[in-house]
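Hi,

Here is the two-chain model I promised to pass on.

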2 protein chains.
Amino acid sequence: MGPEQHAMLVSIARRHYLDGVSKVDIAKERGISRYKVGRLLQTALDEGIVRIEIQARGGIDYELSEALRVKYGLRRALAAETPDEVHVHHGIGQVASALLSEIVTRDDVLGVDCGRTLASMARQLHSLERCDVVQLTGMAGVIGQTATDITRVISEVNGGRVFPIYAPYIVPDVHTAQTLRNHPAIRSAMNYYPKITKACVAIGAWTPELSQMYPLLNSADAQRLAQRGVVAETCALTVGADGQRIDAVDERRIGVSDTALKKIPDVIALAGGRGKTRAVDAVLKSGMVNSIVTDTFLAARLLGDRPD
Amino acid sequence: MGPEQHAMLVSIARRHYLDGVSKVDIAKERGISRYKVGRLLQTALDEGIVRIEIQARGGIDYELSEALRVKYGLRRALAAETPDEVHVHHGIGQVASALLSEIVTRDDVLGVDCGRTLASMARQLHSLERCDVVQLTGMAGVIGQTATDITRVISEVNGGRVFPIYAPYIVPDVHTAQTLRNHPAIRSAMNYYPKITKACVAIGAWTPELSQMYPLLNSADAQRLAQRGVVAETCALTVGADGQRIDAVDERRIGVSDTALKKIPDVIALAGGRGKTRAVDAVLKSGMVNSIVTDTFLAARLLGDRPD
DNA sequence: TCCGGCTCTGCACATATGAGCACACCGCTT
DNA sequence: AAGCGGTGTGCTCATATGTGCAGAGCCGGA
């Protein structure tokens, strides 16, 4: 292509894409037909003279996110860019806290699970509309990362009412569980579950290290569940590889039921790091959550169907 | 703006600008109105999420070129990017040769003036449609840069017929000029002038160094012309600052007349370097040329109305 | 010289798009 | 309770735009 042709393409492209002049008007300006202008602009596009770039804000890989969203039919998916594959909690927490700030409104009721990533999210929460905060599960895990701690931190940020559950995640026998569920404060929280409109939950893989729940069982029970196909849990609700519920110790749990969880309009899972690919895949297929915040590495593995 | 909103903007922008999906279809995909899609895309544009860049090919500044073209109402203008303001001939010659290759067709008749820049153009001419080449002016200047040399070099490239003028640019008296014009070979060339469809000419400023013509006059004549307002010449046709013809030694010239030059459909001037701003401005205003190939420095000065 | 393929052009017609407008909703004040 | 700006939404209607198609010119080969 010669310089005259090139100059005309550049000039017309400028006029259209930068000055916003319509093709019809450009055609009038230059005394050519609008079809010709359209075709010249198409040429400019094909030749790479006009480049359209989507400049995503840093911190999130929107291409991976969108692919993930489509693959699992989610309401939203966000893949946080993290420095490496190990220290992903901070990044996921940051994105999740921004997400919460964005979507939580005054009359939401927010349900909260436990976990390291959720704790990071809560710590990074700068502002949040005042709303009720309900603890979705009993207490488990390291101090400062239990659902009770997270619930408290969030309520401190937004000044909302709190519905904590001062009770363990899993208790040794059914009777104790029933007793606890009848405790007025706990009952008050659990009665509020149907009102929850948004929830943040963690996803655990079925290993002692990658689940808050696994270590609470005796190892025989845990292994028996593994043999029955459990690969993941969220809110201590165990699921198999295809996302099907595998009823485990439900009657000994203190927390939201799977049916109640599914009725929450907006359930956001937070999960990242090595070893969780199959678990996240399973929970996303379970229908118990409709949004995911993860890291780019895990997102890529989910899309590539490669477990870790 | 929160990550969800941002992700949606990015996702929609991708779909529209990269995948080419219409706003209506995107609206259907996402179950929202087309107005909303339009407004989201506008937001994405305003927020800088979508960036449209016009990637010009190197070697030419198309922005300056276009501004120049509009300012002088030219058919085309090209500002060559050159390493510095002194060695501009190579760059201008390169662009001009590419331009010639592009626009010259088999049944064009090409008229050629003399000068350093035109010589550079001719040397860099790789391929050119076969066409007749006519010398527009007598010989002047350094050997190898006369119109005769340039005409020959061009014809060697394209194998076309040549109409040279073996005669000086300017002769001492009217009689000699008339005699030469009646010489069969010269007459044959000059009779061909009305058939010329495209021409390349140089622009000289009215100083001994910056014009092929000035040194051919005795200094008294030259200075007298300067007093009459001559600031530039092309093809030894002198013009004043507003582009008006100032009849100088026309009867002693051997070359195309101003009326004949104006009748050529496409006259391309080549000029660049320091000290030529007023001269180029004048010639562009004269209506004798309708295209310019110059360097970016001179182009910028022409646009800034700053003489050098 | 004729012919087939090729490119370029502009048309008709269906869609897509832009712009102003009215209306509903919301939080806030009087 | 009523008033009231601000915001977001979808409407109508005039334009702008995309697409398939047919004709014109052009070129190379039979």
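About 3,300 Å² is buried between chain A and chain B, with carbon and sulfur atoms giving 55% of that area (buried area being the accessible area, with a 1.4 Å probe, that two parts lose on being put together, summed over both). On the chain A side, P3(A), E4(A) and I54(A) lose the most area to chain B, together 21% of what that side buries.

Before you go further: this is a predicted model, where local features need pLDDT of at least 70 and side-chain atom pairs count only at pLDDT 80 or more, while totals for chains, interfaces and linings use all residues. Residues are numbered from 1 along each chain as its sequence is written, chains are lettered from A and ligands numbered from 1 in the order written, and side-chain values use heavy atoms, without hydrogens and water.

The contact (heavy atoms within 4.5 Å) takes 36 residues from chain A and 36 from chain B. Since 100% of the interface residues of chain A are also interface residues in chain B, the copies meet through the same surface.

There are six salt bridges between the chains (a side-chain nitrogen of Lys or Arg within 4 Å of a carboxyl oxygen of Asp or Glu). One of them pairs R51(A) with E53(B), the closest N and O atoms being 2.9 Å apart.

Cheers
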